[in-house]
Amino acid sequence: MRSTTKVFLAITCLALAALSCQAVTGSGGGDEDTSVVPTAEAPVQGDIILADDFSSSQWGTGTDADSSVEYANEALQMIVFTKNYFVWSTPNDQDYENIHMEVTATNNKTDPTTAFGIMCHQQATSDAFFYFAITPAGQYAITKAIAPVDNVAQDDVILTNDGKWESSDLVKENAPSYRIGADCGNETLTLYVDGQQVASVSDSSYTSGGVALFTWSGEDVASADISFDDFLMRELP
């Protein structure tokens with residue numbers, strides 16, 4: 001369940017608001033078409049748009065009773081102290097389209113139900129975006145977050161595996177770190193882990209927007225602790 005969200009923007013370095021959200025479910029419409037290709041390697045990408053080894057401050061940071069997003073050991077560390085809490089940080093307020101992103105996520109002995117990964121096509125005026133999530137238990141999902149309607153939170157829509165989280169041998173259980181990759185463009189969303197394609201779907205709901213890294217604590221355990229390093233964004237060919 002993605003019940004509560006905290007946003008850290010690079011331009012303000014402050015938490016903006018806690019937004020109440022509904023459970024992640026497999027229901028919903030849209031233009032999604034799911035397929036899984038578990039053996040393909042990540043393709044060679046185009047020119048570099050943004051590269052960051054987190055040796056200097058660029059991404060949004062902040063700490064409160066629910067979570068901490070701070071630079072530590074030349075990485076961006078996200079610690080969540082609250083059950084079922086979703087926090088993200090952005091490098092800037094720019095919109096991007098047709099991009100490939102990669103980041104190394106280090107598992108700081110976090111709970112197996114913790115989810116973490118990459119967000120793209122974040123809409124500037126709403127809580128709407130795509131996100132690519134994996135867990136130390138070896139599960140993954142590509143999901144669409146939908147903006148509230150008349151101030152009523154909407155269910156997230158899992159676009160992969162008939163609306164369900166799924167396990168993959170390509171997402172190693174309790175690995176020390178994961179190299180997570182994501183394609184966002186040409187109406188296609190593709191997740192890579194350690195250089196291997198895990199899943200790909202089609203959805204044209206959002207075609208451009210902001211990017212972010214996120215961590216999401218477990219539904220029943222508040223012990224999320226993930227560090228991100230070596231972020232890279234390139235143009236899709």
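Predicted model: local features only at pLDDT ≥ 70, side-chain atom pairs only at ≥ 80, totals over all residues.

User: What makes Cys120 and Cys184 a disulfide?

Analyst: The criterion is a pair of cysteine sulfur atoms within 2.5 Å. The sulfur atoms of Cys120 and Cys184 are 2.1 Å apart, and the pair therefore meets it. By this rule the count comes to one disulfide. Cys120 belongs to strand E11 (residues 115–122) and Cys184 to strand E16, so the link ties together parts that are 64 residues apart in sequence.

User: Which handedness does the link of Cys120 and Cys184 have?

Analyst: The angle about the S-S bond is -95°, and the link is left-handed.

User: Why are Cys120 and Cys184 called buried?

Analyst: Buried requires a relative accessible area under 20%. Cys120 has 0% and is therefore buried. Cys184 also stands at 0% relative accessibility, so the term applies to this residue as well.

User: Why is the pair of Phe86 and Phe129 called stacked?

Analyst: Ring centres must lie within 6.5 Å for a pair, and planes under 30 degrees apart count as stacked. The centres of Phe86 and Phe129 are 6.2 Å apart and their planes stand at 25°, so the pair is stacked. Phe86 lies in strand E9 (residues 85–89) and Phe129 in strand E12 (residues 129–134), so that the pair links parts of the chain 43 residues apart. Phe86 is buried at 0% relative accessibility, and Phe129 is likewise buried at 0%.

User: What makes the pair of Phe86 and Tyr131 edge-to-face?

Analyst: Edge-to-face applies to planes over 60 degrees apart. The planes of Phe86 and Tyr131 are at 65° and the ring centres are 5.4 Å apart, so the pair is edge-to-face. Phe86 in strand E9 and Tyr131 in strand E12 are 45 residues apart. Both Phe86 and Tyr131 are buried.

User: Which residues form one aromatic cluster with Phe86?

Analyst: The cluster consists of Phe86, Trp88, Phe129, Tyr131, Trp165, Phe214 and Trp216. The structure holds 15 aromatic pairs.

User: What makes up the largest nonpolar core?

Analyst: The largest nonpolar core has 45 residues, and those with the most contacts inside it include Met101, Leu189 and Phe231. Strand E20 supplies the largest share of this core, five residues. Apart from this core lies another, of eleven residues, among them Met119, Tyr131, Phe214 and Trp216. Leu189 touches several residues beyond four places away in sequence, including Cys120, Phe132, Cys184 and Val201.

User: How do you know that strand E10 is largely enclosed by the rest of the structure?

Analyst: Seven of the nine residues of E10 (residues 99–107) are buried, so the strand is largely enclosed.

User: What makes E10 a pairing partner of E16 and of E20?

Analyst: Pairing requires at least two bridges between two strands. E10 and E16 (residues 177–185) have eight bridges in the antiparallel sense, and they therefore pair. E10 is also joined by eight bridges to E20 (residues 224–235), again antiparallel. Met101 stands opposite Ala182 in E16, while Glu102 stands opposite Leu232 in E20.

User: Why are Glu74 and Asp162 called exposed?

Analyst: Exposed means a relative accessible area over 50%. Glu74 has 54%, so this residue is exposed. Asp162 has 74% and is therefore exposed too. Glu74 lies in the loop between strand E7 (67–72) and strand E8 (75–80), and Asp162 in the loop between E14 and strand E15 (166–167).

Definitions and conventions
Residues numbered from 1 in each chain as written. Heavy atoms only, no water. Buried < 20%, exposed > 50% of the residue type's maximum accessible area, 1.4 Å probe, protein only. Helix = DSSP H or I, 4+ residues; strand = E, 2+ residues; numbered from the N terminus. Core = buried A, V, L, I, M, F, W, Y, C linked by side-chain atoms within 4.5 Å. Contact = heavy atoms within 4.5 Å. Phe/Tyr/Trp six-rings, centres within 6.5 Å; stacked < 30°, edge-to-face > 60°.
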